[in-house]
Amino acid sequence: MTQPAVSQTFPPLETERLFLRSFTFADTDFVFQHFSNPAVAQYLLDEPPLTDIAQAQEIIEFFLEPEGKTYNRWGLFRKADQQCIGSCGFHKWDRRNARAEIGYDLSPDFWGQGLMAEALRAAIAHGFDHMQLNRIDALVYVENERSAKLLQRLGFTQEGVLRDYFCLDGKYYDHFLFSLLQREWKA
Ligand SMILES: CC(C)(COP(=O)(O)OP(=O)(O)OC[C@H]1O[C@@H](n2cnc3c(N)ncnc32)[C@H](O)[C@@H]1OP(=O)(O)O)[C@@H](O)C(=O)NCCC(=O)NCCS
């Protein structure tokens, strides 16, 4: 299988413990397991959990060639053993207003090790330094304490509550709106 072209806008990134790179179809099993895991899916209320491996392939296809698009997703791979442990990336990139939303998810076996904070520091630095973002948004379900804590540790400000923001299976869910500005990150 030929590898997809490396995106200049969303290139692979590296941290102390992780490689961040676009998913390929070789990652289909992980993507399916991960996004059908109730512990992960319970807080991703903009989409229902996956129930079919074909949906994982569609996700990979959607993110395969991010160059020129307003979104991307990096898979997070542990350097120690190349194991995929989660993902993060930008979406809703609004170039005119220099802002984008960040999203992220980690498999529960790897929670509590600072791995997502490490990945997001690299993604955020990339957003401010190379995508010329001025503002990064994050939307978090109000009961997702781990995610809110993570954003606060990274210096995000909680701006308010978006009431009934996502609807899943006929139920509406309030979300916190968080943001981080480039000048705050650089300070
Ligand atoms: C949100 C989510 C990524 C947070 O994961 P996490 O592992 O708690 O996040 P971090 O990477 O910031 O790790 C912080 C924890 O690691 C601990 N830690 C251990 N070693 C560490 C290190 N070297 N550096 C930093 N923190 C470390 C911290 O003390 C902290 O533990 P605590 O929460 O018990 O105090 C994870 O819960 C998740 O993926 N949830 C499901 C999907 C989801 O909710 N996505 C977000 C939607 S908005």
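Which residue in β8 stands opposite Leu 139?

Modeller: Leu 139 stands opposite Leu 177 in β8. Before going on, note that this is a predicted model, in which local features need pLDDT of at least 70 and side-chain atom pairs count only at pLDDT 80 or more, while totals for chains, interfaces and linings use all residues. Residue numbers start from 1 along each chain as its sequence is written. Helices (H or I, at least four residues) and strands (E, at least two) are DSSP runs, numbered from the N terminus.

The pair belongs to the contact between β6 (135-141) and strand β8 (residues 171-181), which pair in the antiparallel sense over seven bridges. Two strands count as paired if DSSP finds at least two bridges between them. Strands of a sheet pair through backbone hydrogen bonds, either parallel or antiparallel.

Leu 177 has a further partner, as the bridge partner of Gly 160 in β8 is Leu 177. This belongs to the pairing of β7 with β8, which is antiparallel over eight bridges. β7 and β8 form a hairpin with two residues between them, and Asp 169 in the turn has a positive phi of about 50°. Most residues other than glycine have a negative phi, and most peptide bonds are trans.

Also in strand β8 is Tyr 173. Leaving aside neighbours within four places in sequence, Tyr 173 is in contact (C-beta atoms, placed from the backbone, within 7 Å) with Leu 45, Tyr 141, Tyr 165, Phe 166 and Leu 168. Asp 81 is 92 residues from Tyr 173 in sequence and 37 Å away in space, C-alpha to C-alpha.

These strands are part of an open sheet of eight, in the order β1-β2-β3-β4-β5-β6-β8-β7, with mixed pairing. Its edge strands, each pairing on one side only, are β1 (13-14) and β7 (157-168). Towards the other end of that order, β2 and strand β3 (residues 74-78) run antiparallel and are joined by five bridges. Leu 20 has Leu 76 as its bridge partner in β3.

Ala 119 touches Thr 15, Leu 18, Leu 20, Leu 76 and Cys 88, not counting residues up to four places away in sequence. In soluble globular proteins, nonpolar side chains tend to be buried together.

Val 31 is one of the buried residues of α1, the others being Phe 30, Phe 32, His 34 and Phe 35. They are covered by elements including α2 (38-41), α3 and β4. In turn, the buried residues of α3 pack against β2 (18-22) and α1 (28-36). Those residues of helix α3 (residues 53-63) are Ala 56, Ile 59, Ile 60 and Phe 63. Seen down the axis of α3, they fall within an arc of 95°, so they line one face of the helix; the arc is that of the directions from the helix axis to the C-beta atoms. On the other side of α3, Ala 54 and Glu 61 are exposed.

Lys 92, in strand β4 (residues 84-94), has a positive phi of about 55° although it is not a glycine. Lys 92 counts as partly exposed, with 13 C-beta neighbours inside 10 Å. Gln 132 also has a positive phi of about 55° without being a glycine. Its place is in the loop between α4 and β6, and Gln 132 is exposed, with 10 other C-beta atoms within 10 Å.

How values were computed
Buried ≥ 20, exposed ≤ 12 C-beta atoms within 10 Å, placed from the backbone. Contact = placed C-beta atoms within 7 Å.
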